[in-house]
Protein chains: 2
Amino acid sequence: MTSPREPLTRDRIIDTALHIVDGQGLGRLTMRRLGDALQVEAMAIYHHLPRGKEELLDGLIAHVAALPAAWPRPANGTRPAAGDWRAHLRSWGGAYRARLLDHAGVLPLLMTRRNPTALAETTASLREVLRMAGFLDAAAATGAHTILGYVIGHAALEARATAARRPDDPEEAVDWDHRFAAGLDVVLAGLLTLP
Amino acid sequence: MTSPREPLTRDRIIDTALHIVDGQGLGRLTMRRLGDALQVEAMAIYHHLPRGKEELLDGLIAHVAALPAAWPRPANGTRPAAGDWRAHLRSWGGAYRARLLDHAGVLPLLMTRRNPTALAETTASLREVLRMAGFLDAAAATGAHTILGYVIGHAALEARATAARRPDDPEEAVDWDHRFAAGLDVVLAGLLTLP
DNA sequence: ACCTGAACACCGTTCAAGT
DNA sequence: ACCTGAACACCGTTCAAGT
C-alpha cells in the first residue's frame with residue numbers, strides 16, 4: 001500500500017506492528033513478518049529499535065494505553081460544573097473501553113508488561129479529575145484504581161467472550177455495551193460512599 | 001524432588017508447568033524445559049496432551065481461574081442471613097485476588113484465551129450469590145460481571161506495579177491490600193443502586 | 001501403551017559486511 | 001547512517017521407530 005521506498009521510522013514500524021496485531025493476532029507478530037510488511041529485512045528493524053522486540057511491544061502499549069481522562073479545558077477559565085464529573089467519567093470510560101477492544105490483541109501486553117509510564121499517565125489524570133470533583137487525595141487514588149481496574153478488567157472479559165462466540169451460537173446473547181455501562185455506573189455510584 | 005520413575009500424568013504435567021510459570025515466568029515455559037523438569041523427553045508430553053501447548057495453557061487457566069463464590073452450605077438448612085452477602089463477597093474477592101497474584105504469570109492467559117468453561121463457573125456462582133441476596137436476574141448478571149471485572153483488572157494492575165518496583169524504590173509505596181479492599185467496597189456499595 | 005531421536009519449519013538476535 | 005546475509009541458539013510439532 002505504501003510506496004516501497006518510504007523511509008523506515010520508529011513510528012512507521014510501530015504502526016505496522018499494530019496493524020498486524022489487530023488483523024492477525026499477537027501470536028503472529030514476528031520480526032520477520034514485520035520486516036516483510038515493511039518491505040525490509042527483519043534485521044533492519046533493530047537499527048530503529050535497539051532493544052528489539054521488547055521495545056516494539058512497549059511501543060504498542062504506549063500507543064494504546066495512554067488515554068488521559070483530563071477534563072476538556074473550560075472555554076473561558078470557568079471551572080467545570082461540579083456535578084459533571086460522573087458524566088465525564090462515563091464518556092471517558094466508554095472511549096477507553098472502545099480503544100481497548102479495537103486493539104484487543106494488545107490487552108494481554110497492557111496487563112502484563114511493566115511499562116510504567118503508559119498507565120501512569122492515565123491513572124494520574126483519573127485521580128486529577130476526582131480531585132477536582134472534590135474527593136480527598138486518598139479517595140481519589142482509590143477511586144482512580146477502582147475505575148481503571150474495572151474498565152480494563154471488563155474489557156478483557158468482553159474480548160474473551162466475543163472472541164470465543166461462534167457467529168451462529170445463539171446461547172446467551174449479551175448486550176456488552178449496556179452491561180459495561182451499567183457496571184461503570186455501579187462503580188461511579190459506589191464512589192460516593194468514599195470518605 | 002520426585003522419584004525419577006513416577007508415572008507421567010496430565011495432572012503432574014500441569015502442576016509442573018504451573019511451578020515453572022510461577023518461578024520463572026510464562027516466557028520460560030517451554031515444552032523442552034517442561035520435559036526436563038519431568039525427567040522426560042519433551043515429545044512424551046504430547047501423548048498426554050494431544051493438543052500440545054494449547055492444551056497445556058488451557059490446563060493452567062482451569063487450575064487458576066475456577067474459584068466459585070458459592071455460599072458455604074448453611075449448617076441446618078437455614079438460609080444464610082440476607083445481610084451477609086457483602087461480607088461474603090468481600091472475603092471471596094480477597095481469596096480470588098490472592099490466588100491470581102500467586103499465579104500472576106497465568107493472568108495474561110486468563111484474560112486472553114477463550115477457555116469458556118474456566119470463568120463461566122465463577123461468573124455463574126457470583127450471579128447465584130447475588131440472586132440469593134435478592135437481586136433480580138438482570139442486576140445479578142451485571143453485578144457479577146462488575147465484580148469479576150474489577151477483581152481481575154485490579155489484580156492485573158497490582159501485578160504490573162509490584163513486578164516493576166525495584167526493592168529499593170521508595171517512590172509511592174502503595175498499600176495494595178488496603179487499596180484493593182477499598183475499591184471492592186466501592187463496587188459492593190454501588191451494587192445497592194441497581195434496580 | 002508409552003516414550004525416544006531425528007528432522008522440519010519456524011523464532012529472536014548478533015555480527016561482519018556492504019552501500 | 002542505514003540496510004543485508006549468513007549464522008547461532010533456540011522454539012513447537014510430526015513421525016517413524018523403539019520397548
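Author: One term before we start: a residue counts as buried when its relative accessible area is under 20%. Also, this is a predicted model.
Reader: OK. How buried is Glu158(B)?
Author: Glu158(B) has 2% relative accessibility, so Glu158(B) counts as buried.
Reader: Which residue does Glu158(B) meet in a salt bridge?
Author: Arg97(B). The N to O distance is 2.9 Å. Glu158(B) sits in helix H8 of chain B and Arg97(B) in helix H5 of chain B, so the pair ties together parts 61 residues apart in sequence.
Reader: And Arg97(B), buried or exposed?
Author: Buried, with a relative accessible area of 11%.
Reader: Switch to chain A. What do Arg97(A) and Glu158(A) form?
Author: Their side chains meet in a salt bridge, 2.9 Å from N to O. Arg97(A) is in helix H5 (residues 85-102) and Glu158(A) in helix H8 (residues 137-164). Both residues are buried.
Reader: What about Arg10(A), which partner there?
Author: Glu55(A), in a salt bridge with the closest N and O atoms 2.7 Å apart. Arg10(A) lies in helix H1 and Glu55(A) in helix H4, so this pair ties together parts 45 residues apart in sequence.
Reader: How accessible are the two?
Author: Arg10(A) is partly exposed, at 36% relative accessible area. Glu55(A) is buried, at 13%.
Reader: New topic. How many salt bridges over all chains?
Author: The structure holds 18.
Reader: Which residues do shared partners join into one network?
Author: Arg51(A), Glu54(A), Asp58(A) and Arg113(A).

Conventions:
Residues numbered from 1 in each chain as written. Chains lettered and ligands numbered in written order. Predicted model: local features only at pLDDT ≥ 70, side-chain atom pairs only at ≥ 80, totals over all residues. Heavy atoms only, no water. Salt bridge = Lys/Arg side-chain N within 4 Å of Asp/Glu carboxyl O. Helix = DSSP H or I, 4+ residues; strand = E, 2+ residues; numbered from the N terminus. Buried < 20%, exposed > 50% of the residue type's maximum accessible area, 1.4 Å probe, protein only.
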